[in-house]
Amino acid sequence: MSKSIIRYNSDSGIPPEYRYENDYRNIPQKYLKNNIPQGRKMIKWAPFATMLQQFEELKKMIEKQTRVSRPSLSEDQLVELNSKLLMYMNRPEECVIHIFNEGYIQTLKGFIMEVNAEHKTLMFAVEDYLTIKNISLTDIISIE
């Protein structure tokens, strides 16, 4: 039998299935000793935080990479979108709308209040009814 290197609480009465486990992540915290050293945690990364401009540039680069281009909808998708829009306008039922917003696809859950055909906008009340958004009809990707 291999000897376990993990320190257990002697008074905790560790179950047999954890007695010979060598990986502490597989053992519940209540069976481990509390005085196990935790290491330096985030202190070891502190020297790298001195170049703030580098972190800002990396953050901008990552943000650029996650952007997507505006999806183009086919005629069939537009017809389906229009029918779902009319369906949710006529009955007060909660729906989920996916919209394109500045390079990202955003998901909103709430209720369709009104459609303004003249300005091609949609008044949408978010779940809590405290926030009402005006959404351009051209930005809507799908309605569920």
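**Notebook: Ile143 and its surroundings**

I began at Ile143. Leaving aside residues up to four places away in sequence, Ile143 touches Leu81, Lys84, Leu85, Tyr88, Cys95, Val96 and Ile97. Contact here means heavy atoms within 4.5 Å.

I noted the ground rules next. This is a predicted model, in which local features need pLDDT of at least 70 and side-chain atom pairs count only at pLDDT 80 or more, while totals for chains, interfaces and linings use all residues. Residues are numbered from 1 along each chain as its sequence is written, and side-chain values use heavy atoms, with hydrogens and water left out.

**The whole chain**

I looked up the secondary structure. The protein chain has 3 helices and 5 strands, in the order α-α-α-β-β-β-β-β. Helices (H or I, at least four residues) and strands (E, at least two) are DSSP runs, numbered from the N terminus.

I then checked burial. Of the 144 residues in the protein chain, 21% are buried. Buried means under 20% relative accessible area, exposed over 50%, and partly exposed in between (1.4 Å probe, protein chains only). The accessible surface of the chain comes to about 11600 Å², and 54% of that belongs to carbon and sulfur atoms. These areas come from the Shrake-Rupley method with a 1.4 Å probe; for residues, only the protein chains shown count as cover.

Residues 24 or more positions apart account for 37% of them.

**The core**

Which residues have the most contacts inside the largest nonpolar core? They are Ile97, Ile112, Ile140 and Ile143, in a core of 13 residues. Helix 3, strand 1, strand 2, strand 3 and strand 5 each supply at least two residues of this core. Such a core is a set of buried Ala, Val, Leu, Ile, Met, Phe, Trp, Tyr and Cys residues joined through side-chain atoms within 4.5 Å.

**Helix 3**

I tested the length of helix 3 (residues 75-90). At 1.5 Å a residue, its 16 residues should span 22 Å, and its end C-alpha atoms are 23 Å apart, which agrees. The expected span is 1.5 Å times one less than the number of residues.

Leu81, Leu85 and Tyr88 are buried in helix 3. Seen down the helix axis, the buried residues fall within an arc of 75°, so they line one face. The arc is that of the directions from the axis to the C-beta atoms. These buried residues pack against strand 1 (95-101), strand 2 (104-116), strand 3 (121-126) and strand 5 (140-143). The face turned away carries the exposed residues Glu75, Asp76, Val79 and Asn90.

I stopped at Leu86, also in helix 3. Leu86 is partly exposed, with a relative accessible area of 45%. Its C-alpha atom is separated by 9.6 Å from that of Ile112, 26 residues apart along the chain.

How many residues of strand 1 are buried? I found 6 of its 7, so the strand is mostly covered. His98 is in strand 1 and is buried at 17% relative accessible area. Among the residues His98 touches are Ile105, Thr107, Ile140 and Glu144.

Strand 1 pairs with strand 2 in the antiparallel sense over 7 bridges. Two strands pair if DSSP finds at least two bridges between them. Ile99 stands opposite Gln106 in strand 2. The hairpin has 2 residues between the strands, and Glu102 takes a positive phi near 50°.

Strand 5 is also joined to strand 1, antiparallel, by 3 bridges. There Ile97 stands opposite Ile143, the residue I began with.
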